[in-house]
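Hi,

Here is the structure I promised to send over. Have a look at it first, and then read on for my notes.

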Amino acid sequence: MKVERHSKIVELIGKYEIETQEELAEYLTKEGFQVTQATVSRDIRELKLTKIQSESGKQRYMVLKPQGTFSDKYIRILRDGYASMDMAQNILVIKTVSGMAMAVAAALDAIHFHEIVGCIAGDDTIMCAVRSVDDTILVMDKIRKLIAE
């Protein structure tokens, strides 16, 4: 239950500008999790969440990512293996260099795009199930930016 709750917290703070523990507890309750303020506080500490100022000027929770994390390695794998991508509704199809699909799919999983539900990889093709058509467009933009950096 804790793993599912932590996953939902990361998804919620990625989707909404959540300022307080009380707001987070309300969102979790709406999602079917019975939580106390103490549980939410402990989850925030375990997930190493921090508050940052959002574009709207409000404070919001974010996952604290230490500098030089594995994400740099995963982004490099994504850049090295990526060939092209296209979408079919909420399915994102990514073409890779031959033999690199599994590594690129693992990198996408490790980067934790909350819009991606899961990936299936072959030799040079990845199919990603994305939550919605709009989210698919958003993920494609995020991938383009990561590759261009």
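Leaving aside neighbours within four places in sequence, which residues is Val93 in contact with? Keep in mind as you look that this is a predicted model. The list for Val93 is Ser84, Met85, Asp86, Thr125, Ile126 and Met127. Val93 itself sits in strand 4, which covers residues 91-96. One of those contacts, Ile126, is 33 residues away from Val93 in sequence, yet the two C-alpha atoms are 5.6 Å apart in space. As for the surface, Val93 is partly exposed, because its relative accessible area comes out at 24%, and the buried class stops at under 20%.

Now for the charged pairs. As a reminder, side chains of opposite charge can pair when their charged atoms come close. Searching the whole structure turns up eight salt bridges, and here are a few to click on.

Start with Lys2 and Glu46, whose side chains meet in a salt bridge at 3.2 Å, N to O. Lys2 belongs to helix 1 and Glu46 to helix 3 (residues 37-46), so this pair ties together parts that are 44 residues apart in sequence. Lys2 counts as partly exposed at 42% relative accessibility, and Glu46 is partly exposed too, at 37%.

Next, Arg5 and Asp43 form a salt bridge, with 2.6 Å between the closest N and O atoms. Here again the link runs from helix 1 (Arg5) to helix 3 (Asp43), so it ties together parts 38 residues apart in sequence. Are Arg5 and Asp43 buried or exposed? Both of them are buried.

Arg144 is partly exposed at 42% relative accessibility, and Asp141 is partly exposed at 35%.

There is also a network: salt bridges with shared partners join Lys8, Glu11, Lys15, Glu31 and Arg131. Glu11 lies in helix 1, residues 2-15, and counts as buried because its relative accessible area is 13%, where the cut-off is under 20%. Not counting residues up to four places away in sequence, Glu11 touches His114 and Arg131.

Cheers

Key: Residues are numbered from 1 along each chain as its sequence is written. This is a predicted model: local features need pLDDT of at least 70, side-chain atom pairs count only at pLDDT 80 or more; totals for chains, interfaces and linings use all residues. Side-chain values use heavy atoms; hydrogens and water are left out. Helices (H or I, at least four residues) and strands (E, at least two) are DSSP runs, numbered from the N terminus. Buried means under 20% relative accessible area, exposed over 50%, partly exposed in between (1.4 Å probe, protein chains only). Contact means heavy atoms within 4.5 Å. A salt bridge is a side-chain nitrogen of Lys or Arg within 4 Å of a carboxyl oxygen of Asp or Glu.
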